[in-house]
Amino acid sequence: MPREAKISALVLIILCGLGGLCSDVFFTSANLVNILTASATIGILSIGASFVLAAKKLDLSIGSFMALTAIFGATFGHSGTGIIGLTLLCGVVTGLINGVMVGFLKLPSFIVTLAMLGLARGVALVISDGDPIYDLSPSVIYIGQGEIFGVPVPVILFALLAALCGLILNYTKFGIQTLCIGDNENACARAGIKITRHNMILFSLSALLSAVAGLIYMGRVNAADPAAGAGYELLAITAAIIGGTSIFGGKTSIFGTVCGALILSVIQNCLTLLNISAYYQEILIGLILIFAISLEKVKIYPRGMR
Amino acid sequence: MTLNVSGLYKSYGGRHVLTDIHFGIKSGIILGLVGDNGAGKSTLLKCISGAEQFDHGQITIDGVAHSVITPELSRSIGIAMIYQNLDLCPQQDVITNIFLGQEKTIRIFGQNTPFLNRSHMKYLATEVLNRLGLDVDISQNVSLLSGGQQQRIAIARALISHPKILIMDEPTAALGIRESKKLLDMVRNLKMQGIAIIFVSHKIQDIYDVSDRILMMRQGKIITDLNKNDISLAELHKIMMNEEV
Ligand SMILES: Nc1ncnc2c1ncn2[C@@H]1O[C@H](COP(=O)(O)OP(=O)(O)OP(=O)(O)O)[C@@H](O)[C@H]1O
Ligand SMILES: [Mg+2]
């Protein structure tokens, strides 16, 4: 685990302490559940972002994919399972499109996914004619609002996906090769790692996770909204980076990323409790991102770094 | 195991880097390759390992002619190369670097799972590092190691695959005298085990000590191909210096 991940855990604890000082409401169980639930969508997106960043790539399309996958599922799915299945399928397919462009065509992921950010949002607006799709099936609503033993389903999904992805990152060939590709892609290619295939899987994973986030969001508001997830890519990447993921590739941890997502959620919660306008929240997120990146940038890089 | 290169050409953006290269190697032979900086040694070796694609020519391995070699193909044939730039992943640990692209996974009922078999990897890594006389913490970041230590990590990566053909591009460049000697002994040992070895070095003494045959390259061409026994070290030196324009 990178040292930064431990630091972000510490920051999270300190922020919670400050939250408690700011407001009596902070440590109520309702508020804590709120924080966790709010962190689930961003958190799930940021897990995908961690993998992509670890491989020295960028996926800016995840916020738009949240909307596109949900709109696609809600439009063409006629039952609960239909909506869920089609939403996830749409995630895999859109991810593969990114993967083909980055993997086969060797286009820079930054440009490809920036284009996809606009394109996917546009397609979502076209399919839905710009209007949200309401009155979804109860099973979709359950994903966003249900509880199991008092724990909200989004939180359970977040925890399960974090555990699963942590396992993949640390204990599988795919995970370790993701880090190596981010560190030295040419060396990996010469060592016989199938980079193209790897990138396809990587972007599919990221998009599949945005589809899950899209499902949760859709269930929470009981509508597939073509405007859902706008700007979430910024939040997700910020969460990953303050959790110790390197924008220069080769380093990430799911634990750190989860802490990062919780930090953002706690900050937003505190600002809300303090009645500070949401507009300032956006400014603050931008500043946090710049701060987190500059922390990484000023650090003297060990020798051997390209 | 035999490998024959014939009529190999390679250019970068119209500039010829390799012209009409012919040579062959077989098991149990060490081929020394020398030449000035920029002569094309590394490029030639990369063409064999699949890291670079050649324009024309053929590489025939055990009777099978290839006009294209990919990294996967060369690996599956049993070719391993130690690159001059070492090709390490600086932020990853020693064990990850040694097993790059050839990670050991846990097998269940004879089937590979996606899960890493860390204890097996640890065991193999420790063994190969012992052979190389390298005493480092295998969970350490390679960027924190010295140049010579890093070089031996790169060598360990090549050895761990049990290659049939081992290509070493300046493997002793960063090594101290004792470490170099140890490596040369090991190279001779590998030869005894029937591995074919191509060894590039600017240290003429090393090349002369270890090689059975010596190739000399200049400006993308092979200008001399000799049995070691047919030439003395002094003569070798002379050829290298004499033809220097
Ligand atoms: N990727 C590349 N693009 C363009 N030119 C290249 C590239 N790689 C090598 N060259 C050129 O090919 C020629 C041969 O380079 P190569 O690295 O094979 O030489 P070398 O014999 O290994 O030299 P050295 O002893 O310095 O390692 C050089 O003139 C070099 O500039
Ligand atoms: Mg060279």
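**Entry 1**

Is B:Asp87 buried or exposed? I looked it up: B:Asp87 is buried, with a relative accessible area of 2%. In my notes, buried means under 20% relative accessible area, exposed means over 50%, and partly exposed is in between (1.4 Å probe, protein chains only).

I note that this is a predicted model, where local features need pLDDT of at least 70, side-chain atom pairs count only at pLDDT 80 or more, and totals for chains, interfaces and linings use all residues. Residues are numbered from 1 along each chain as its sequence is written, chains are lettered from A and ligands numbered from 1 in the order in which they are written, and side-chain values use heavy atoms, with hydrogens and water left out.

**Entry 2: the partner of B:Asp87**

Next I asked which residue forms a salt bridge with B:Asp87. The partner is A:Arg190, and the closest N and O atoms are 2.6 Å apart. A salt bridge here is a side-chain nitrogen of Lys or Arg within 4 Å of a carboxyl oxygen of Asp or Glu. A:Arg190 lies in helix α9 (residues 185-190) of chain A and B:Asp87 in the loop between β6 and α3 of chain B, so the pair joins two chains. Helices (H or I, at least four residues) and strands (E, at least two) are DSSP runs, numbered from the N terminus.

**Entry 3: where the chains meet**

I then turned to the interface. I found 25 residues of chain B in contact with 27 residues of chain A. Contact means heavy atoms within 4.5 Å. The two chains bury about 2300 Å² between them, and 55% of it is on carbon and sulfur atoms. Buried area is the accessible area (1.4 Å probe) that two parts lose on being put together, summed over both. B:Gln91, B:Gln92 and B:Glu103 supply 22% of the area that chain B buries against chain A, more than any other three residues.

How many salt bridges does the rule find across this interface? It finds 1. The rule also finds 11 residue pairs in polar contact across the interface, both residues at pLDDT 80 or more. A polar contact is a pair of N or O atoms within 3.5 Å; within protein, one must be able to donate a hydrogen and the other to accept it, and residues adjacent in sequence count only if both atoms are side-chain atoms.

On the chain B side, the elements that give two or more residues are α2 (71-77) and β8 (111-116). The residues of that side divide into 12 nonpolar, 8 polar and 5 charged. Ala, Val, Leu, Ile, Met, Phe, Trp, Tyr, Cys and Pro count as nonpolar, Asp, Glu, Lys and Arg as charged, and the others, Gly among them, as polar.

**Entry 4: the magnesium ion**

Which protein atoms are the donors of the magnesium ion (ligand 2)? I found B:Ser42 (OG) and B:Gln84 (OE1), lying 1.9 to 2.1 Å from the ion. B:Ser42 lies in helix α1 (residues 41-49) and B:Gln84 in the loop between β6 (79-82) and α3 (94-98) of chain B, so the pair ties together parts that are 42 residues apart in sequence. Donors are N, O and S atoms within 2.8 Å of the metal (3.2 Å for Na, K and Ca); water is not among the atoms, so sites may look incomplete. B:Ser42 is buried at 17% relative accessible area. B:Gln84 is partly exposed at 44%.

**Entry 5: salt bridges inside chain B**

Over all chains the count comes to 9 salt bridges. I looked up two within chain B. B:Lys181 and B:Asp185 meet at 3.2 Å, N to O. They are 4 residues apart in helix α6 (residues 177-192), separated by about one helical turn. B:Lys181 is exposed at 52%, and B:Asp185 is partly exposed at 35%.

B:Asp225 and B:Arg213 meet at 3.1 Å, N to O. This pair links distant parts of the chain: B:Asp225 is in strand β12 (residues 221-227) and B:Arg213 in strand β11 (residues 213-218), 12 residues apart. B:Asp225 is partly exposed at 40%, while B:Arg213 is buried at 18%. I also noted that salt bridges with shared partners join B:Lys181, B:Asp185 and B:Arg188 into one network.

**Entry 6: a threonine in chain A**

Last, I checked A:Thr178, found in helix α8 (residues 173-183) of chain A. A:Thr178 is buried, at 0% relative accessible area. Leaving aside neighbours within four places in sequence, A:Thr178 is in contact with A:Phe51, A:Ala54, A:Ala55, A:His198 and A:Leu202.
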